[in-house]
Amino acid sequence: MNELEANSILKKHAKTSSIGVSSSSSPTTTQEDEINAWLHYFSNEWDPTTCVIVTLGAQGAVALRNHEIMATLLPAVKVDVVDPTGAGDSFTAGFLHGLWGWKQKHSSSPKMAQEHVSTKNRPLSTSDGFAFEKTNWPKEAIQQALLWGCAV
């Protein structure tokens, strides 16, 4: 999700004002404050094994899981933005590519990794893909995936 979506979820569902994030126009709210609020909310309200990825536009991205900042990626190289349409889709594609690459590298064999998500003779469903498993991806995998996501 992006920063705006994370803040919207927080504002809509946070049970106490101490968890909430001030409006983006507030000069006292820092990105670190936002990240800490997301970390607190998503770690306490969602399944602790859920890894939440928040893209921060030109400021990079952050991965959060179970009261821990799993990985961060620093600000992107400055470019003139023509049209941000599809930026989230591109990030997601790169992120999944990074996870897939990590999984292939760390599987006992590339063939085994490929068979793991095979759709031969059956329709693809959310329970079929490696990215949809209830897996506690290690930090190294999340870091590699963030790198790919932000590079795309």
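I began with helix α5 (residues 139-151), which lies across β1, β2 and β3 and runs at about 30° to β3. Axes are lines fitted to C-alpha atoms, for helices over the stretch in contact (heavy atoms within 4.5 Å), with angles from 0 to 180 degrees between N-to-C directions. Helices (H or I, at least four residues) and strands (E, at least two) are DSSP runs numbered from the N terminus.

I noted that this is a predicted model, in which local features need pLDDT of at least 70 and side-chain atom pairs count only at pLDDT 80 or more, while totals for chains, interfaces and linings use all residues. Residues are numbered from 1 along each chain as its sequence is written, and side-chain values use heavy atoms, without hydrogens and water.

I then looked up the sheet, which is open, with three strands in the order β1-β2-β3 and antiparallel pairing; strands pair if DSSP finds at least two bridges between them. β1 (52-55) and β3 (68-73) each have a single partner strand, so one side of each lacks a neighbour in the sheet. The twist averages 15° from one strand to the next. Four bridges join β1 to β2 (residues 61-65), and Ile 53 has Ala 63 in β2 as its bridge partner.

Lastly I examined aromatic pairs (ring centres of Phe, Tyr and the six-membered ring of Trp within 6.5 Å; planes under 30 degrees apart stacked, over 60 edge-to-face, the rest tilted), and the count is four. Tyr 41 and Phe 42 are edge-to-face, because their planes stand at 70°, with centres 5.3 Å apart. Phe 42 and Trp 46 are also edge-to-face, at 4.6 Å centre to centre and 65° between the planes.
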